[in-house]
Amino acid sequence: MQFFQINEASANKEAQPANGIKYPEALMLMAISALIFWHCHEQPAAILLLLIGIAGGLWVSVYSYSRAVSIWSTGIVVAIGAIFVGSLQFEPSSALGLLTMIAIRVLKSPAAQRMTLVVIAITSLIVAFLLSTQVRPEGVNISSSWAASVILLLSLLSVIWQFWQVENELVSNRHITDHAQTRMTTMVAVISKLICFIPSQVWEPIVKNNSNIKVMNKRTKLSVLFSDIAGFTELSDTLSADNLADILNTYMDRMTVIANRHGATLDKFIGDGMVCFFGEPNSKGGRQDALDCVAMAIDMRREMRTLRHQWRLLGFEGLYIRIGIATGYCHVGNFGSENRMSYTLIGREVNLAARLEASANKGEILISPATYDYICHEYDCVQTSPLTLKGFESPVFAYQVLDPDANKGSQSKWVDHDLPGFNLHLNFKDIKNYDYPVIKQFLNQALERVDKQAGQETKSTEVSDLSIDFKNESHHEQW
């Protein structure tokens, strides 16, 4: 938070106009009016130009010293310059310099203001020219003196000064742009790290629409899933913290990939468990949300089989997933305070999903009756005996979701069977065609070893039986 406050303060500081002379041509017009008055002080028009030049130029210089350039101050400068050109009745040298000075100022102004400034310049020039011809037909006569050359020189100095200002502004803007780009890169990097802690369904609308964030929630129908690892607590007592963290991170990573693939909103991780839901912020309808939630749960259970096989090779036994799902109306949104919020959900169905997950056995997916009503036409389920759940007065009937491949026989994509000393796990979705000969080779070797071991056990049993029979016959002979 402090990082963004510092950057905001520096941005505001950069946006404030710097003190300085914004209109060098205003100073030059004051000097030009003084020069005309000194050269033609006996003419009333020279006195009038002196008053206009000194008053207008001084006011613009003082007013714009600590303020940004505006169309009003720019219009006054342009009007004064045009009045001088018209009063001098287009004396070639001075008109060239003054018109060049006016043109540069108009070009430096924003595009939306240029036409207005051009109209001001033309109007002021025509009015001054007509008045000067009425008062003094020959105008303020400086064409035959060195004053015209000095006016041209002062005008060119003003143009050079303006170009120098433009160069300084370009350099300053380049520094500001580089600083802003660096700051933006840093902010993007920080935001990219922060969004790892926020569901993508939450931060993406904020980034796209720049919507306001406030404490707000709404009531909507959701399908909520709770899951955890059965046997993880017992395993944590026998493993080191490093191995435990590696198992947990691998599990969370695989489950997060599955949740993202199915479009679930991942609410939070709770120890070795996780909470996901469907229906907000994007809903496909109550039935489809429930179907997607159950499909995700089945994929999680299948993925856990693969992980369990990998962990067995490392010596970690007995890790199974258990899942509880409930569908119904919940409150979801931002909970907390204006300074710290959490996007989460609350409600009876959330508690029901958590209790079903706690009541599930290893590898089971228990769903509520409302969820069953939505998915019963797509998945085979078995009703459980009434469950006494904490926080629920009446017993709850739940349904266990069966694996869709369980009743497909030889067409099943999974073969998974465990016995003491025996573990068979086949995932035909991941097996490549060129791997089948190798699999058959190892299976044949295993069968030969099983037959050999079984023969040894049978032979040992027969020898034991013969020994018992021999002892019995000897005993009878003694009698």
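This is a predicted model: local features need pLDDT of at least 70, side-chain atom pairs count only at pLDDT 80 or more; totals for chains, interfaces and linings use all residues.
1. Start with Lys-284. At a relative accessible area of 62%, Lys-284 is exposed. The side chain of Lys-284 meets that of Asp-292 in a salt bridge, at 3.7 Å from N to O.

2. Salt bridges deserve a careful look here. The structure holds 13 of them. One is formed by Arg-302 and Asp-403, with 3.3 Å between the closest N and O atoms. This pair links distant parts of the chain, 101 residues apart. Arg-302 belongs to helix α11, while Asp-403 is in the loop between β8 (399–401) and β9 (414–419). Arg-302 is buried at 12% relative accessible area. Asp-403 is buried as well, at 10%.

3. The Arg-302 and Asp-403 pair should be read in context. Both residues belong to a network of salt bridges that also links Arg-261, Asp-299 and Arg-305.

4. Arg-322 and Glu-357 make another salt bridge, their closest N and O atoms being 3.4 Å apart. Here too, distant parts of the chain are linked: Arg-322 is in strand β4 (residues 320–336) and Glu-357 in helix α12 (residues 348–359), 35 residues apart. Arg-322 is partly exposed at 22% relative accessible area. Glu-357, at 10%, is buried.

5. Glu-25 is worth checking. This residue lies in helix α2 (residues 24–39). Its relative accessibility is 1%, so Glu-25 counts as buried. The side chains of Glu-25 and Arg-105 are joined by a polar contact of 2.4 Å. Leaving out residues up to four places away in sequence, Glu-25 touches Val-77, Met-101, Arg-105, Ser-158 and Gln-162.

6. Strand β3 (residues 273–278) is mostly covered, with six of its six residues buried. Which residues of β3 point which way? Gly-273, Val-275 and Phe-277 point one way, and Met-274, Cys-276 and Phe-278 the other, all of them buried. In a regular strand, side chains alternate between the two faces of the sheet.

7. Next, the partners of β3. Strand β1 (residues 216–230) pairs with β3 in the antiparallel sense over five bridges. Within this topic, Ser-223 has Phe-278 of β3 as its bridge partner. Strand β2 (residues 265–270) also pairs with β3 in the antiparallel sense, over five bridges. Ile-270 stands opposite Gly-273 in β3. The hairpin of β2 and β3 has two residues between the strands, and Gly-271 takes a positive phi near 60° there.

8. What is the peptide bond from Glu-280 to Pro-281, cis or trans? The bond is cis, with omega near 5°. Pro-281 lies in the loop between β3 and α11 (286–313).

9. A nonpolar patch is found on the surface. Met-115, Val-118, Val-119, Ile-122, Ile-126 and Leu-130 form this patch, with about 540 Å² of accessible area together. Ile-126 is in helix α6 (residues 111–135). At 43% relative accessibility, Ile-126 counts as partly exposed.

10. Last, Ala-103. This residue is in helix α5 (residues 92–108). Ala-103 is partly exposed, at 36% relative accessible area.

Conventions: Residues are numbered from 1 along each chain as its sequence is written. Side-chain values use heavy atoms; hydrogens and water are left out. Helices (H or I, at least four residues) and strands (E, at least two) are DSSP runs, numbered from the N terminus. Buried means under 20% relative accessible area, exposed over 50%, partly exposed in between (1.4 Å probe, protein chains only). Patches are made of residues with over 30% relative accessible area and no salt bridge: like charges are joined within 9 Å, nonpolar side chains (Val, Leu, Ile, Met, Phe, Trp, Tyr) within 5 Å. Accessible areas come from the Shrake-Rupley method with a 1.4 Å probe; for residues, only the protein chains shown count as cover. A salt bridge is a side-chain nitrogen of Lys or Arg within 4 Å of a carboxyl oxygen of Asp or Glu. Two strands pair if DSSP finds at least two bridges between them. A polar contact is a pair of N or O atoms within 3.5 Å; within protein, one must be able to donate a hydrogen and the other to accept it, and residues adjacent in sequence count only if both atoms are side-chain atoms. Contact means heavy atoms within 4.5 Å.
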